[in-house]
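User: I have a model open and want to learn how to read it. Where do I start?

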Amino acid sequence: MINFDETEAEKILRQTVRDFAEREIRPYARTWDEEERFPHELVPKLAALGLWGLRVPEAYGGAEMTTEEQAIVVEELCRVDGSVGITVASHNGLCTGHILLAGNEEQKRRWLPRLASGQALGAWGLTEPSSGSDAAGARTRAVRKPGQPDRWIINGSKTFITQGSVGSICVVMAVTSPEKKQHGLTAFVVEKGTPGFSVGKHIEKMGLHASDTVELSFVDVEVPDENRLGELDHGFLDTLEILDRGRIAIGAMALGLGAGALEQAIRYAKERRQFGRPLSDNQAIQFMLADSATELDAARLLIRRAAWMKDHGMRTTRESSMAKLWAAQAAMRACDRAVQIHGGYGYTREFPVERALRDCKLCEIGEGTNEVQRMVIAREILGRG
Ligand SMILES: Cc1cc2nc3c(=O)[nH]c(=O)nc-3n(C[C@H](O)[C@H](O)[C@H](O)COP(=O)(O)OP(=O)(O)OC[C@H]3O[C@@H](n4cnc5c(N)ncnc54)[C@H](O)[C@@H]3O)c2cc1C
């Protein structure tokens, strides 16, 4: 049975990550955002907590956490800073998650210890300039090298790739059987320094300024068949499985951002006085806070259900999309209300709620937009999955 109470281990994990985020992230988050700089100095500190190998088995140097524990980590990081949260979520969920899911023993031994220790950061490239929601539009091609069928040549480009420039292990999806559309995609690991693999433009974003987002280019990049992850033409099916878990993490990211903004709004509403009394004495303000608290609690329950089901080996396509869709929307509303409650000060960079609002918008877009989540949920409830 699903338990609404967190276990002792989960409570300790939450407190540990919260203390870390307050100490090591909060004092610097505004500066990182303004400088639009990836906080390299944080990498070893996150490694000391085991946050680069959340679900990686101990045998490969990981923390071997459950999906529920992973959600707690991402939520607590995002309560203070979305950029650090998405970095940890995507490194663990996408790149490392793909190797965990589809890698063979030799591949796991080769890449997981470096990823789990933070020695190498991971990137994951599916999106292309002309293919976002619709993976069938992917143009990056992988063909067998003429005369050397155990080697591949990759050509193409990817965009919006998180950790694309700071990462050194990249899982990239390439078309191997064009006639099969999205079911003709295969995943390959391409390491930094491979000739022909380069970083393009750094993408200037609305929020998540301290998260690295870039274009990647592949020109005659040659990799051996040992770098192919999973079965040939199985990249898209593996991706769907990875996104089922990844969407729980993005839901947790939204929840953290929304919960952090709500806390700030409660504090400000109690402190700020207008018309001779605290803002929090006005029912209009109380109702905004009550709506945010209620909607975020519902998000937490949806996330916990999806994570619990995942940890019990169940299929969570519908539940993961519901959790992400609801959490992203609830958190956007909570951040917007938090800015409103701060009035003019909420519109300044002096208070962290404007950053939370900017960061939060990504949760309605990344790993499938709100519309894509609704398409997934509709397919599931109509029995067309
Ligand atoms: C900060 C950031 C980090 C990212 N990190 C990564 C990463 O690490 N790796 C990676 O591979 N990708 C990454 N992405 C890409 C992200 O997953 C895509 O942006 C997202 O999937 C949407 O694709 P798109 O931007 O091409 O939008 P489009 O697919 O062009 O969609 C545009 C709009 O049309 C809507 N739409 C599209 N099709 C339909 C339809 N059939 N019905 C109704 N509405 C529709 C969408 O919902 C959206 O509102 C990242 C994006 C951002 C912004």
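Analyst: Helix H8 covers residues 317-341 and has 25 residues. From its first C-alpha to its last it reaches 36 Å, close to the 36 Å expected at 1.5 Å a residue. Keep in mind that this is a predicted model.

User: Which residue follows H8, and is its phi positive or negative?

Analyst: Glycine 343 follows H8. Its phi is positive, near 60 degrees.

User: Is H8 enclosed or open?

Analyst: Count the buried residues. A residue is buried if 20 or more other C-beta atoms lie within 10 Å of its own. In H8, 19 of the 25 residues are buried, so H8 is largely enclosed by the rest of the structure.

User: Now helix H4. How far does H4 reach from its first C-alpha to its last?

Analyst: H4 spans residues 82-102, which is 21 residues. It reaches 28 Å, close to the 30 Å expected at 1.5 Å a residue.

User: Where does H4 bend?

Analyst: At threonine 96, by about 40 degrees. H4 is also largely enclosed by the rest of the structure, because 20 of its 21 residues are buried.

User: Into which domains is the protein chain divided?

Analyst: Domain 1 is 8-121, domain 2 is 123-235 and domain 3 is 237-381. The C-alpha centres of domain 2 and domain 3 lie 31 Å apart. Ten residues of domain 2 are in contact with ten residues of domain 3. On the domain 2 side of that contact, five residues are nonpolar, five are polar and none is charged.

User: Which residues come nearest to the ligand?

Analyst: Of the 21 residues around the ligand, they are Thr127, Gly132, Ser133, Thr369 and Glu371. By class, the shell has eight nonpolar, ten polar and three charged residues.

User: Which elements and domains supply the shell around the ligand?

Analyst: Strand E1 (122-125), strand E3 (148-162) and helix H11 (370-381) each supply at least two residues. E3 gives the most, with three residues. Domain 2 and domain 3 each provide at least three residues of the shell.

Technical notes. Residues numbered from 1 in each chain as written. Predicted model: local features only at pLDDT ≥ 70, side-chain atom pairs only at ≥ 80, totals over all residues. Helix = DSSP H or I, 4+ residues; strand = E, 2+ residues; numbered from the N terminus. Expected span 1.5 Å × (residues − 1). Bend = angle between axes of the 7 residues up to and from the residue. Buried ≥ 20, exposed ≤ 12 C-beta atoms within 10 Å, placed from the backbone. Near = placed C-beta within 6 Å. Nonpolar A, V, L, I, M, F, W, Y, C, P; charged D, E, K, R; others polar. Domains from an automatic or database assignment. Contact = placed C-beta atoms within 7 Å.
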